[in-house]
Amino acid sequence: MEIKELLKVMHMAEKLKDAVRHCYTSGGRRESVAEHSWRISLLAYFIKDEYPGVDMDKVIKMCLIHDLGEAFTGDIPAFKKTEADSEREKQLLFAWVDSLPQPFAQEMRELYTEMEVLETEEAKIYKALDKVEAIIQHNESDISTWAENEYDLNLTYGVEQAAFSPFLKSFREAVREETLEKMEKADCGYP
C-alpha cells in the first residue's frame, strides 16, 4: 500500500478511538469502539490453542475490522440498532472498502461477507467473542452504568452465538456466573 494511502486509512480508523460505546470501563469512562475491537482481537489470540484446525489469524482480522463501519455512523447499542441503521452502516463501510487499493479491498469485502453469512467456524468464533466481550466489559463496569434492560440482557447476550463450541459455551457460562455474582453483590434484586 502506498504510504499516503496508508495514512488515509489510519486517519479513518482513528475515528474509532473517539467513537464511544454504551459500555463503561472499570475506571468509569465510556469505552471506545477501538478498545472493544482490540480486546476481542486479544481474546482471539489467547484462545487460538482451543481451535487447532481454525485459521485464527483470520479470526483476529475479523475482530480487528468488525466495527470499522462505526467510524462512519458511531456506535448504536445492539438493543437499539434497527435494520435501517445496520444497512446504512454497511453501505458506508462498503463504499469505503471499495475505495481501498487491492488486495485490501477484496480481502476486506470477502471477510465482511463471511462474517455476515456466519457459516464458517472463523466467523462464528468472531461473532461469539464480539458478544461475550461486551458482557465482560459490563461486568467490569460499575453496575450503576447498566441500563435497566441490561440486567436480563447480560445473562443471555451471546449465549446463542457461543452455543456451537464447547469451549465458548463454557467461557460464556463463566462470564454469566460473574454477572450473577456482580448482581448479587450489588443487591439489585436480580435475578
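Buried denotes a relative accessible area under 20%, exposed over 50% and partly exposed in between (1.4 Å probe, protein chains only). The structure is a predicted model, in which local features need pLDDT of at least 70 and side-chain atom pairs count only at pLDDT 80 or more, whereas totals for chains, interfaces and linings use all residues. Residues are numbered from 1 along each chain as its sequence is written, and side-chain values use heavy atoms, with hydrogens and water left out.

**View 1. The salt bridge between glutamate 133 and arginine 39.** A salt bridge is a side-chain nitrogen of Lys or Arg within 4 Å of a carboxyl oxygen of Asp or Glu; here the N to O distance is 2.8 Å. Glutamate 133 belongs to helix α7 (residues 121–140) and arginine 39 to helix α2 (residues 33–46), so the pair ties together parts that are 94 residues apart in sequence. Helices (H or I, at least four residues) and strands (E, at least two) are DSSP runs, numbered from the N terminus. Glutamate 133 is buried, its relative accessible area being 1%.

**View 2. The salt bridge between arginine 21 and glutamate 31.** The closest N and O atoms are 3.0 Å apart. Because arginine 21 lies in strand β1 (residues 20–24) and glutamate 31 in strand β2 (residues 30–32), the pair ties together parts that are 10 residues apart in sequence. Both arginine 21 and glutamate 31 are buried.

**View 3. The salt bridge between glutamate 89 and lysine 81.** The closest N and O atoms of this pair lie 2.8 Å apart. Glutamate 89 is buried, at 10% relative accessible area, whereas lysine 81 is partly exposed, at 25%.

**View 4. A network of Arg21, Glu31 and Asp67.** Salt bridges with shared partners join these residues into one network. The structure holds 11 salt bridges.
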